[in-house]
Amino acid sequence: MPWSSEATVTDDTAALSPSSVRPRRAEEGGGRGQAWRSRRYRWDLRWSPYAFVAPFFLFFAAFGLFPLLYTGWAALHQVELTDPDTMTWVGLRNFTRLWDDAFFWNALRNTVTIGLLSTVPQLLIALGLAHLLHFRMRGAAFFRVAVLTPYATSVAAATLVFVLLFGRDYGMVNWALQSLGFGAVDWQNGPFASQLAVSTIVVWRWTGYNALIYLAAMQAVPGELYESAALDGASRWQQFRHVTVPSLRPTIFFTCVVSTIGATQLFGEPLLFNGGAGATGGSDHQFQTLGLYLYEQGWVNLHLGRASAIAWAMFLILLLIAGAARLLRGAEARR
């Protein structure tokens, strides 16, 4: 074909015309946009979970980890609440003083006693209530809400009501005891009586909460197990013993651990039960718990270093409880 400059110019002009350049640019722009969307999708898929959980770790670091570390640092110093910026290094002296501190051991004994008096009846009653609520009955929703009402009640309001109930002269509990022929009990000044009264408040507040936990676990037990037990002639009590309780072992173990930790940190009930006496836990420290003793050392006696040592001692006790619970759980799993 003979060469023609006119044909060449015509072809070049057609190749560079706006109608032919515009689709190429649209294709290139669409490709870049698609690549950017694909990259953004991969970033979102990779980093979104971290963004969602980041607020928890930020708040935990600010209000959990930092106070824990600072308390441990303060436990190694002599520091007073009146001048918290002045800290004198004393090493482990605050911890060694606890070993010879009779009030610390008294608070520890009281904590263990109140914990046993409150945890054991609380969980047994909660298990029985959950068993009753598990069966179909009229007004089941009402009763389930009713058992949770004490948990929603303020600890201050509940404790003040129980202070009136356990009053020595005009309390309803002593009135009932005297009606049955027993003598009046000094609930606030008696060593065992005061601990029993404080434990009663804890039992009243937390039984419904644990009952709902047990009820949720019972509803997950397969109904075929109960049907098989009924066909074998098992009564309701036998079904409860041989079907319900074995199925609830992990839940019972969980509530035991959580209740023990809560008993170790008990503070509001004994503080308010003491009336206007403050954090002494009675006239003879008869129901002073570790939480009350920590509060007394830090905010009454103004010894922040000693209070920090008590806080870390409580933390170590909780670690021992958690470790023992894990060992027991592992031993049970190996059976």
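In this predicted model, Leu-302 is partly exposed, since its relative accessible area is 29%. Leu-302 sits in the loop that joins helix 13 to helix 14 (304-333). Its backbone is marked by a positive phi of about 70 degrees, although Leu-302 is not a glycine. Most residues other than glycine have a negative phi. A positive phi, of about 55 degrees, is also found at His-285, again not a glycine. His-285 belongs to the loop between helix 12 (268-273) and helix 13 (290-300). With a relative accessibility of 16%, His-285 falls under the 20% limit and therefore counts as buried.

In one of them, Phe-56 and Phe-60, the ring centres are 6.1 Å apart and the planes meet at 15 degrees, so the pair is classed as stacked. Both residues are part of helix 2 (residues 18-74), where a separation of 4 residues places them about one turn of the helix apart. Phe-56 is exposed at 54% relative accessible area, whereas Phe-60, at 43%, is partly exposed.

A further pair is formed by Trp-73 and Trp-89, with ring centres 5.8 Å apart. The planes of these two rings stand at 50 degrees, so the arrangement is tilted. Trp-73 lies in helix 2 and Trp-89 in strand 2 (residues 83-89), so this pair ties together parts that are 16 residues apart in sequence. Trp-73 is partly exposed, with a relative accessibility of 45%, while Trp-89 is exposed, with a value of 51%. Elsewhere, one aromatic cluster is made up of Phe-162, Phe-166, Trp-187 and Trp-204.

Helix packing was examined for helix 8 and helix 11. Two packed helices are described by the angle between their axes and the distance between the axes. Helix 8 (residues 191-219) packs on helix 11 (residues 249-264) at an angle of about 160 degrees, and the axes are 10 Å apart. Because this angle is over 145 degrees, helix 8 is roughly antiparallel to helix 11. The crossing of helix 8 with helix 11 is right-handed. On the helix 8 side, the contact involves Asn-210, Ile-213, Tyr-214 and Ala-217. These residues meet Thr-251, Ile-252, Phe-254, Thr-255 and Ser-259 of helix 11. Sorted by class, the contact contains 5 nonpolar and 4 polar residues, and no charged ones.

Definitions and conventions:
Residues are numbered from 1 along each chain as its sequence is written. This is a predicted model: local features need pLDDT of at least 70, side-chain atom pairs count only at pLDDT 80 or more; totals for chains, interfaces and linings use all residues. Side-chain values use heavy atoms; hydrogens and water are left out. Axes are lines fitted to C-alpha atoms, for helices over the stretch in contact, and angles run from 0 to 180 degrees between N-to-C directions. Helices (H or I, at least four residues) and strands (E, at least two) are DSSP runs, numbered from the N terminus. Angles under 35 degrees count as roughly parallel, over 145 as roughly antiparallel, 65 to 115 as roughly perpendicular and the rest as oblique. A crossing is left-handed if the near helix is turned anticlockwise from the far one by less than a right angle, and right-handed if clockwise. Contact means heavy atoms within 4.5 Å. Ala, Val, Leu, Ile, Met, Phe, Trp, Tyr, Cys and Pro count as nonpolar, Asp, Glu, Lys and Arg as charged, and the others, Gly among them, as polar. Rings of Phe, Tyr and Trp (its six-membered ring) pair if their centres lie within 6.5 Å; planes under 30 degrees apart count as stacked, over 60 as edge-to-face and the rest as tilted. Buried means under 20% relative accessible area, exposed over 50%, partly exposed in between (1.4 Å probe, protein chains only).
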